[in-house]
Amino acid sequence: MSDSPDGPSNGPRQHLVEVGVAAAMALLGIIAIIGSLRVGTGWGAEGPKSGFFPFWIGLIVVVTSLYNMVRAYTHGSRKLFANWMQIAQVLKVVLPLTIYVGIIPWIGIYLASALLIAGFMRWIGRYGWPLTLAISIGLPVLTYFTFEMWFLVPLPKGPLEDMLGL
Amino acid sequence: MEAIGDLMAGFAVVLSWQNLLYMVIGIVLGVIIGVLPGLGGANGVAILLPLTFSMSPTSAIILLSCIYWGALFGGAITSILFNIPGEPWSVATTFDGHPMAQNGKAGEALTAAFTSSFVGALFAVIVITLAAPLVASFALQFGPAEKFSVFFLAFCSFVGMGKEPPTKTIAAMMLGFALAAVGTDTVTGQLRLTFGSHELLSGFDFLVAVIGLFGIGEILLTMEEGLSFKGKAASINPTVVWQTWKELPRYWMTSLRSCLIGCWMGITPAGATPASFMSYGIAKRTSRKGDKFGSGEIEGVIAPETAAHAAGTSALLPMLSLGVPGSPTAAVLLGGLLIWGLQPGPLLFVEQKDFVWGLIASMYLGNIVGLIIVLTMVPFFAAILRVPFSIIAPIILVICAIGAYTVHNNTFDVVMMLVFGVAGYFLKKCNYPLAPLVLAIVLGDKAEESFRQSLLISQGGLGVFFSNGLVSTIMGLGLVALFWPALSNLYARLLTPARPT
């Protein structure tokens, strides 16, 4: 295939992504160690202190992750992790989902869900408005009746629900 | 036989119209969950768990365990008709199931798959009925050191039996333990690893982790593969079912072997996925038609399906009798027990007889109901998979978000779900196992508690874990499992030079 920057033969390599993942895990291990040192890792009045267990756990995470990191760099697969087109596909879910998660506290889960479904169907599925509106409004309404009425579980609401007096 | 009497009492508990209705709802929901990408047994149960808080524990566990059976059945439908494994444990079913469908034998393949699933599950339930009370009464005498040794063995088994590189399994597992440690220390009540954050006071909830890792992560993987579902049509009529059933007893040996493999792999937490592969591999090697495997042999459907169901079902045995779940879904169910105020483990068999035997009785009934439902409703379930992914995907995302929110009625959990989802995508792509990570989050506090109590008894000496025959044996088995990859590697190296070239 062509060598154009967004072509299907280009993308991050598997071994580099693995190095990144292992580094991230090692970082989490270090955070666990630091947190454990703050509360004490030794022997206290009630036996081992609170930091004792997470300290050793964190240490194992760091050691194994460093090994995984070196191993991935030296022996890891040089194949593509994913090509840029596939990564774009994944971002088409991650970005809307991030916005969705971000706006739930402000506009409530019902309106946010309707927007997410409608956006997804129009943008990626290229459906017509009638079907898009039917599903994107129908599902939140169904959810409302199932959760609030039947199971009596309240979900986050926003100004729209206040206006409707729900 | 005391167990038989208890089981009959269990049937009396279960046989009410309401519970039968929950059973049917659970199976249908479970199959739908099993058919859809991004929803599986573990996160399907995790999403619905908060809705059962107000139900009686017995009804709740019937509903949720039936979702689990349904999801196990559902995986076979997508594997055979669409060549897409709806669940990891049905990958092996695609090898011969889909070729059968292509040869116009979809009905036979589905009937064989469902019936084998049923046989595997039934075998495992009988094992649970007979063995669980014995294991539980034995485990009643366990002290903290013995309890820790059981956890140790369970986690070491992941290292020894997993397909993934051992250091990756250990890293993922220990990360789970670290996440479990965040929040209030259950022994001293002290806060730790929260770094002043209010959101982290109560720690990471494993339900949120399950929904993110398995739900969102799976959707991202499906999106990357750009799946378009092209499937075979199927309908099952009574003639096909009857003819397939007449043929099945011929493969009793394969069935029995698969049941045993499944139960073994389910009780030691290796899980349904390796069980199905192992069973398929052995059937292929021992069958007279072994060379035809892969081109649509019915035996190649029977072997993995029987083993997967036997493993999936028997994973509940250690969960009920020891409090150590054998699979992520069993772990979620264990979380449910804790939320309903029941203490999983050996005492359950003494203090909550109605509940335990009701659950076991519901396993018999649930699988019979499940077999009838899947045999009659296949066209309906296949139609669900024909709904385009661009409609299904956002709906699943919304369901996951609602599920994550309802765990603690907290929008921060929805953010955590997203973080776990992206992490799950990378971990899965980099060949890290997710099951030990989730199990570590669930069991972290309990494992740590038993570890620290043991050390308290011994005043800090590690010798307490080898202080008597029982605990040394379990710890020894754990160590063997832990170093199994290294040992078998060494053994292979020692053998190689001796081999003539």
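Reader: How many residues of chain A are in contact with how many residues of chain B?

Author: Two residues are in contact if their C-beta atoms, placed from the backbone, lie within 7 Å, and by that rule 54 residues of chain A are in contact with 50 residues of chain B. This is a predicted model, in which local features need pLDDT of at least 70 and side-chain atom pairs count only at pLDDT 80 or more, while totals for chains, interfaces and linings use all residues. Residues are numbered from 1 along each chain as its sequence is written, and chains are lettered from A and ligands numbered from 1 in the order in which they are written.

Reader: Which elements give two or more residues to the side of chain A that touches chain B?

Author: Elements are DSSP runs numbered from the N terminus, helices being H or I with at least four residues and strands E with at least two. Those on the side of chain A that touches chain B are α1 (14-39), β2 (47-48), α2 (52-75), α3 (84-123) and α4 (129-150) of chain A, and α3(A) gives the most, with 17 residues.

Reader: What is the make-up of that side by class?

Author: Ala, Val, Leu, Ile, Met, Phe, Trp, Tyr, Cys and Pro count as nonpolar, Asp, Glu, Lys and Arg as charged, and the others, Gly among them, as polar. On the side of chain A that touches chain B there are 35 nonpolar, 16 polar and three charged residues.

Reader: How should I read the overall form of chain A, and what radius of gyration does it have?

Author: The radius of gyration is taken over C-alpha atoms, and the globule rule is 2.2 Å times the number of residues to the power 0.38. A compact globule of 166 residues would come out near 15 Å, but chain A has 24 Å, and its C-alpha trace spans about 60 × 60 × 25 Å along the principal axes. Chain A has five helices and two strands, which run α-β-β-α-α-α-α from the N terminus on.

Reader: What percentage of the residues of chain A count as buried?

Author: A residue is buried if 20 or more other C-beta atoms lie within 10 Å of its own, exposed if 12 or fewer, and partly exposed in between, with C-beta atoms placed from the backbone. Of the 166 residues of chain A, 29% count as buried. In α1(A) the buried residues include E18(A), V21(A) and M25(A), and what covers the buried residues of this helix includes α2 of chain A together with α8 (166-181), β2 (191-192) and α19 (411-429) of chain B.

Reader: Why is E297(B) counted as buried?

Author: E297(B) is buried because 22 other C-beta atoms lie within 10 Å. E297(B) is found in the loop between α12 (272-286) and α13 (299-314) of chain B, where it touches D96(B), K289(B) and K292(B), not counting residues up to four places away in sequence.

Reader: Which residues have the most contacts inside the largest nonpolar core?

Author: In soluble globular proteins, nonpolar side chains tend to be buried together. A nonpolar core is a set of buried Ala, Val, Leu, Ile, Met, Phe, Trp, Tyr and Cys residues joined through C-beta atoms within 7 Å. The largest here has 219 residues, and those with the most contacts inside it are V210(B), M417(B) and V438(B). Leaving aside neighbours within four places in sequence, the residues in contact with V210(B) include P328(B) and V332(B), both of which are among the buried residues of α15(B).
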